[in-house]
Amino acid sequence: MAKKRPQTKAKRPQITDGEVPVVGAREPCPCGSGRRYKACHGRAASHAATELVHRPFEGLPGECDWVALRELVPAATVELPLKDGLPEGVPAVTLATVLPMAWPALRRDDGSVLLGLQNDTSSGDISRDLADTLQRALEAQPGTPVQGRRAPADGPRLQDLLDPEGTFAPEVHSGFEFWVPDTENATPEVTASLERANAAAIPTVKLQSVDAAYWCETPEKNHLRWVMPHAEEQLLDALARLHAAGRSSLGEGTRLVGSFRAHGLTVPVWDLPSGVTAEDVEKPAAEFAERLATALATDVPLTPDERRARGGLTNRQVTLS
């Protein structure tokens with residue numbers, strides 16, 4: 001009986017973690033371990049891609065408005081200043097709530113970039129997904145949309161690409177005509193998408209007297225939705241103090257009804273009579289901001305009435321994201 005030859009193991013290439021390329025989940029890991037990628041280096045990459053970032057827009061100018069445009073405002077645009085300036089051939093970068101055909105981004109014929117905010121994201125970090133889309137849009141051929149993909153786990157975030165000293169000044173639109181410079185020459189697909197979007201858009205106005213507060217009109221009643229930067233527990237205490245004291249409204253017939261929780265921030269919501277316009281609540285909102293500042297500065301324990309008011313507000317709180 002022939003002797004068995006001793007088995008020799010081939011030397012596997014030594015690859016550092018930073019050099020391991022991304023492959024299919026069931027393919028052998030390029031590091032040479034012999035395991036599938038998903039059970040080896042793909043495990044860390046998958047975790048990084050799905051780990052939820054609680055406040056994805058934290059550190060960006062206008063964080064509260066980023067949240068509002070992501071979750072509450074139908075049609076709005078904002079010019080985005082880049083940290084390193086605009087590349088050659090890119091006259092402008094504009095953030096838009098949504099784009100035609102739900103494109104993540106669009107490189108227009110003139111080279112400018114439109115970046116869509118209200119899109120599904122492939123990871124738990126909206127900022128990283130948007131940064132990846134923005135980078136690809138800056139390099140895309142003029143006249144082409146940018147498709148979605150999984151952003152690299154070690155890719156940059158918006159905080160790495162945008163000018164931290166820049167302004168964030170949303171312009172709210174009544175419709176989506178900003179999609180195309182010349183609506184008469186738009187393709188049938190874009191025209192149909194524009195018509196559907198305009199039909200579904202809720203009339204919305206950004207208040208000027210306070211930050212990140214948006215009035216909107218619905219068939220039965222109007223609302224004011226106000227994204228606030230304060231720590232949630234502190235804000236709820238302050239709102240409860242005002243609510244218990246009968247000072248949480250924005251005028252006759254208005255009522256603080258609860259709040260949303262979105263991207264790590266709290267969004268109090270008021271019901272308004274259908275006849276109350278955005279202009280009507282400008283002054284009451286500014287006065288409420290002063291009352292809220294005083295309540296936020298108070299650190300004495302809540303009274304029984306204030307605790308009951310707080311419980312009512314938290315029971316009506318809804319998490320959007």
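Mentor: Contact means heavy atoms within 4.5 Å. This is a predicted model, in which local features need pLDDT of at least 70, side-chain atom pairs count only at pLDDT 80 or more, and totals for chains, interfaces and linings use all residues. Residues are numbered from 1 along each chain as its sequence is written, and side-chain values use heavy atoms, with hydrogens and water left out.

Trainee: How many residues does helix α8 have, and how far does it reach?

Mentor: Helices (H or I, at least four residues) and strands (E, at least two) are DSSP runs, numbered from the N terminus. The expected span of a helix is 1.5 Å times one less than its number of residues. Helix α8 covers residues 304–315, which is 12 residues. From its first C-alpha to its last, α8 reaches 17 Å, close to the 16 Å expected.

Trainee: Which residues of α8 are buried?

Mentor: Buried means under 20% relative accessible area, exposed over 50%, and partly exposed in between (1.4 Å probe, protein chains only). In α8 the buried residues are Glu306, Ala309, Arg310, Gly312 and Leu313. Looking down the axis of α8, these buried residues fall within an arc of 160 degrees, so they line one face of the helix. The arc is taken from the directions from the helix axis to the C-beta atoms. Arg308 and Asn315, on the other side of α8, are exposed.

Trainee: What do the buried residues of α8 pack against?

Mentor: They pack against α6 (232–244), β10 (255–262) and β12 (317–319).

Trainee: In what order do the strands of the sheet with β10 and β12 run?

Mentor: Strands of a sheet pair through backbone hydrogen bonds, either parallel or antiparallel. Two strands count as paired if DSSP finds at least two bridges between them. Here 6 strands form an open sheet with mixed pairing, in the order β7-β8-β9-β11-β10-β12. The edge strands, β7 (204–206) and β12, each pair on one side only. β10 and β12 are parallel and share 3 bridges; Ser259 has Gln317 of β12 as its bridge partner. Helix α6 packs on this sheet, touching β10, β11 and β12, and its direction makes about 25 degrees with that of β11. Axes are lines fitted to C-alpha atoms, for helices over the stretch in contact, and angles run from 0 to 180 degrees between N-to-C directions.

Trainee: Which residues touch the most other members of the largest nonpolar core?

Mentor: In soluble globular proteins, nonpolar side chains tend to be buried together. A nonpolar core is a set of buried Ala, Val, Leu, Ile, Met, Phe, Trp, Tyr and Cys residues joined through side-chain atoms within 4.5 Å. The largest one has 38 residues, and Trp66, Leu134 and Val227 touch the most other members. The largest share of this core, 6 residues, comes from α3. Leaving out residues up to four places away in sequence, Trp66 touches several residues, including Phe57, Leu95, Leu130 and Phe168.

Trainee: Which strands does α3 lie across?

Mentor: Helix α3 lies across β2, β3, β4 and β5, running at about 160 degrees to β4. These strands are part of an open sheet of 6 strands, ordered β5-β3-β4-β2-β1-β6. In this sheet β3 (residues 105–107) and β4 run antiparallel, joined by 3 bridges, and Leu106 has Leu114 of β4 as its bridge partner.

Trainee: Is His263 buried or exposed?

Mentor: His263 is buried, with a relative accessible area of 6%. This residue lies in the loop between β10 and β11.
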